Amino acid sequence: MRMQFWKDTIDKVFKGQAPQQPIALALQEALKTSDLSSMWFKRIITERTSNLDDHTFMTIKDMENYGENTAASLLYLQLESLGVRDVQVDHIASHLGKMIGIATFLRAMPFHLSQKRLILPAQIIAKHQLSQEAVIRGQLDHVDDAVFEVATAAYDQLLTARSLLPSSMKPEIMPVLLSAVPHIRYLEKLEANNFNVFDPKLQRKDWKLPFVLWSTYNKMTL
């Protein structure tokens, strides 16, 4: 019901009939200066709707699709807000969005387990002979192997984005691409901690992040 409210709100905003609601009014104001596409908003809402009821991903591909429909859609909107419409840049954003989606789920694994949910794809759980009940009880044998496989998929998406970047680099796209930096940092720290998502160091604030963002922007590369 709540998600239908947002779908209806997006339709009204793009018709110039925004409800008297702060977010709707702010979006309507943004449309005066930015050529944003309603489909990206609706794509995010649709994907979130389908995952409200503790949806289980069957494969890593399903997890990547979630990242494409949520994180990547946000990146497309940010690019549009900067006036960037470039198919090659969209390809970079697509791969980064998939990486962001996977990294976000890995980072959230301790929380989801506290809620008695194991969010690794079913295919990976079966491959590594994991039991959701056992993992919830704290039996973590082979969880790091499963996490490694999922994290590798995220890193593959990052490598693809990096390979596309040199031929498409424009200074105006960097503010959008910087959204990926915290997630890249998390994946690097995850590897440094042997893919143990439960290591307390992975839940600490990254005090170096502002400097890394500044450095990444100046280097114009990820």
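F57 is buried, its relative accessible area being 4%, where buried means under 20% relative accessible area, exposed over 50% and partly exposed in between (1.4 Å probe, protein chains only). F105 likewise counts as buried, at 16% relative accessibility. The model is predicted, so local features need pLDDT of at least 70 and side-chain atom pairs count only at pLDDT 80 or more, while totals for chains, interfaces and linings use all residues. Residues are numbered from 1 along each chain as its sequence is written, and side-chain values use heavy atoms, with hydrogens and water left out.

The structure holds eight aromatic pairs, a pair being rings of Phe, Tyr and Trp (its six-membered ring) whose centres lie within 6.5 Å, with planes under 30 degrees apart counted as stacked, over 60 as edge-to-face and the rest as tilted. Two of these pairs are tabulated here.

| Pair | Ring centres | Planes | Class |
|---|---|---|---|
| W40 and Y76 | 4.5 Å apart | 45° | tilted |
| F57 and F105 | 5.1 Å apart | 75° | edge-to-face |

W40 in helix α3 (residues 38–50) and Y76 in helix α4 (residues 60–81) are 36 residues apart, and both are buried. F57, in the loop between α3 and α4, lies 48 residues from F105 in helix α5 (residues 87–107); helices are DSSP runs (H or I, at least four residues) numbered from the N terminus. Ring pairs link F57, Y66 and F105 into a cluster.

Of the 69 residues in the largest nonpolar core, L96, M99, L106, M109, L120 and L190 touch the most other members, such a core being a set of buried Ala, Val, Leu, Ile, Met, Phe, Trp, Tyr and Cys residues joined through side-chain atoms within 4.5 Å. Leaving aside neighbours within four places in sequence, M99 is in contact (heavy atoms within 4.5 Å) with A154, Q157, L158, A180, H183, I184 and L187.

Definitions and conventions
Helices (H or I, at least four residues) and strands (E, at least two) are DSSP runs, numbered from the N terminus.
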